[in-house]
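Here are some notes to read beside the model.

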Amino acid sequence: MLYQIVDGSISVGGTPVLSHFNFTIRGKEKIAVIGKNGAGKTTLLRLIAGELDLDADDKRNSPGIVTARPVTIGMLRQQAFDDPEETVEEELLKACPAEGTFERERFEYEREYDTILTGFGFTKADKSRRLCSFSGGEQTKLALIRLLLEKPDILLLDEPTNHLDVASCEWLEDYLRKYKHAAVIVSHDRFFLDQTVSAVCEITDRKIERYPGNYSDYRKEKIHRIARQQKAWERQQEERERLETVIERFKHKPTKAAFTRAKKKQLERMEPVNRPTPDGAFLFTDPITPAIPGSKWVFTAEHLRLGYPGHFLLELTFRIRRGQKIGLIGPNGAGKSTFLKTAAGLLPPLSGEHILGNHITVGYFDQHTARIESDQTVLEHFHGLFPSLTEKEARTILGSWLFSGKAASQHVSDLSGGEKSRLILAELLQSRPNFLILDEPTNHMDIQAKETLESAFRAYTGTILFVSHDRYFIRQVAESVLIFDNHAAMYDPFGYEHYLESTRRAKTELPVTAQIRAEDQALIAGLRAVPRAERHRLREIPEDEARLDWQLRQLDEKLRPLAAHYADLEEQYRQLRENIRQSEDWWTTDQPDQLPEIRRLHTLHDEMDSAWGDWHQACLEYLEILEDLSD
C-alpha cells in the first residue's frame with residue numbers, strides 16, 4: 001500500500017462531492033478514475049495532489065489519508081508555466097537532478113527529454129523556441145513532458161490525450177506501461193485506459209467502487225455485478241411475495257396465529273436488496289436489418305483517383321461486400337473524408353470509376369448533417385419523420401437512443417452537439433438503409449452514448465464504411481480496416497487489433513502478415529466471385545472449399561449434442577420449478593433458499609446459462625463458415 005484514503009469525505013463550496021469513501025494506490029499500479037461529468041473525478045485528483053483537504057469528521061477513527069512513506073505527487077496544472085518567455089529547454093532543465101553541464105546524470109536526463117519530446121511530435125529545434133510561441137494544446141503537451149521528466153511517485157493525469165494525435169497517444173501508452181511509479185488517470189479515451197491501467201475506480205453516488213483490470217474488464221464485471229444484483233433483487237421480491245401470500249392465507253386461522261406472526265417478523269427483518277441502477281447505456285441485442293438487402297457487391301472502385309482539383313491524394317481500387325464493417329484509418333489529410341464523400345456521391349473523383357451496387361440505399365453522416373436547428377421537440381421532430389409510428393413506438397425508439405422522459409421533450413435547437421449527432425444517427429438507422437457511410441459519428445459524445453452507438457452498429461446487419469479517431473470505437477465496430485497513408489491504401493481483413501499488432505511487429509523488423517494492398521483485396525474478391533461451376537480452373541479454391549466443408553461437418557457434429565443438452569436442462573428446470581410450487585414445504589418453510597430443491601433449481605439455471613452460451617457460440621462459428629462457403 002503506497003497511498004490510502006480511509007472513510008474520507010470531501011465537499012467543495014459546502015456541497016458534498018464524495019462521502020465516506022475509500023481509495024487505495026498499491027505499489028506501481030496504474031488506476032483509472034471514471035464517472036459521469038461532475039461526479040468528482042478532478043476533485044479526487046486535487047485531493048491526492050494536496051490542493052484540497054478531507055472534511056473534518058469526529059467519527060473517523062483513522063487520520064483519513066495514510067502513506068507508506070513520504071511520496072512525491074505530480075499533477076498537470078491549469079497554469080502550465082510561470083514564465084512563458086522562457087525557452088522549452090530552460091523550462092525542462094528545471095527538473096534535471098544534476099547542475100553541472102558535463103555530469104553523467106545531466107547527459108542521461110537530456111537524452112531522455114529528447115526522447116520524450118520527439119515522442120510527442122516536437123523536433124529538437126523546438127527546444128530553443130519560447131513557450132509563448134506554442135499553441136495552447138502544444139503548451140499542455142510540454143507541461144506533460146515536464147511532469148513525466150519529474151518522475152513523481154504518484155503521477156496524476158487529467159485527460160492526458162486531449163491534445164495528442166494517435167501516434168503521440170500510442171507513445172504515451174507505451175511510456176506509462178513502463179513507468180516505474182504509480183499513476184492515477186482520468187480519461188474518456190477508453191482505448192487509452194485499456195492499454196495503460198490495471199484497476200478502475202468508478203465514482204457513483206458519491207462513493208468509489210473499485211474494479212480489477214482495464215476498462216474492458218471493468219465493463220464486463222460491472223454488467224455481471226448489475227445482473228447479480230438484479231437477480232438477488234428479483235429473488236427477494238419473489239420471497240416477499242411468497243411471505244405475503246402465506247400471511248394472507250393463514251392470518252384468519254387461529255391455529256396458525258403463531259406461524260403467521262413469525263412470518264410477519266421474518267418479512268419485517270428482511271434486509272432490503274436495492275434494485276440496481278441502470279447502467280446508463282442502452283445495448284441493442286436484436287438485429288437491426290435494412291429495409292432491402294441490396295446486391296452482394298455494395299461498392300466497387302477501379303483506379304479511383306481521390307482529391308480536389310490541383311491536389312491529388314491517392315488512387316484506390318477496392319471492393320466492398322454486403323455486410324462488411326470497415327474502419328477507415330490514417331493520418332489527417334490522407335483522404336479519408338474525401339473517400340467517404342466520393343463514395344456517397346457528394347464529391348466527384350479526379351478520375352477513375354466507382355459504382356454502387358443494385359438497390360443500394362446510402363445513409364450518410366458527418367458533422368455538417370448533425371448541425372440541425374428546429375423549434376420542435378425531439379419527439380415531434382422524430383415522429384414527423386416517421387409518421388407511421390405511434391407516439392408510444394416513437395418514444396420507445398427514442399428511449400433506446402437515450403432520449404427518454406424529459407430528454408424527448410427538449411427542443412432540438414437546445415441539444416448539445418453530441419446529442420444532435422445521436423438523434424441524426426437514430427433517424428438514419430430507423431430509415432433502414434443498407435449502406436452506412438459515417439464520418440466521425442462519436443464526436444462530442446459521452447461514454448454511455450458511445451456504447452449505445454457501438455451496440456447499435458454491431459446489431460446492424462447492413463454494410464458500414466466509417467472514419468473515427470476513437471480507437472476503442474474502431475475496435476468494437478470494425479471487422480476490417482482500410483489504411484490510407486503515404487498516398488497509398490492498405491487493407492487488413494482481421495480488424496484493428498491485428499493491424500496494431502502488425503504495426504508493432506513491423507517496427508521490430510518482424511514479418512508482417514495478412515496486410516495487403518487494397519487493389520489485391522479487390523482482385524481476391526473478384527476471384528471469390530467466380531461461379532462455383534468454374535472454380536475447377538482455380539487450384540486453390542477447391543482446396544479452400546474442402547477445408548471449409550470439413551469445418552462445417554465438425555461444427556454440425558458439435559451443434560447437435562449441445563442443442564439436445566440445453567433442451568434437456570430446460571425441461572428439467574421447468575419440471576422442477578413446477579414441482580416446487582406445488583409442494584407444501586415451499587409455502588411453510590422459514591428459509592426456502594435452504595431447500596435442496598431450490599438449490600438444485602439455481603444450479604440448473606446456471607447450467608442452462610452455460611449450455612446456452614456454448615450452443616450460441618457454436619452457432620456463430622457455423623454461420624461464419626457458412627458465409628464463407630456462400631461466397
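1. Helices (H or I, at least four residues) and strands (E, at least two) are DSSP runs, numbered from the N terminus. The chain has 19 helices and 19 strands. This is a predicted model, where local features need pLDDT of at least 70, side-chain atom pairs count only at pLDDT 80 or more, and totals for chains, interfaces and linings use all residues. Residues are numbered from 1 along each chain as its sequence is written, and side-chain values use heavy atoms, with hydrogens and water left out.

2. Buried means under 20% relative accessible area, exposed over 50%, partly exposed in between (1.4 Å probe, protein chains only). Of the 631 residues in the chain, 45% are buried.

3. Rings of Phe, Tyr and Trp (its six-membered ring) pair if their centres lie within 6.5 Å; planes under 30 degrees apart count as stacked, over 60 as edge-to-face and the rest as tilted. The whole structure holds 19 aromatic pairs. F122 and F134 are edge-to-face, because their ring centres are 5.8 Å apart and their planes stand at 85 degrees. Both lie in the loop between α3 (104-119) and α4 (136-150), so the pair ties together parts 12 residues apart in sequence. F122 is buried at 6% relative accessibility, and F134 is buried at 4%.

4. Which residues do ring pairs link into a cluster? They are F120, W171, Y175 and Y179.
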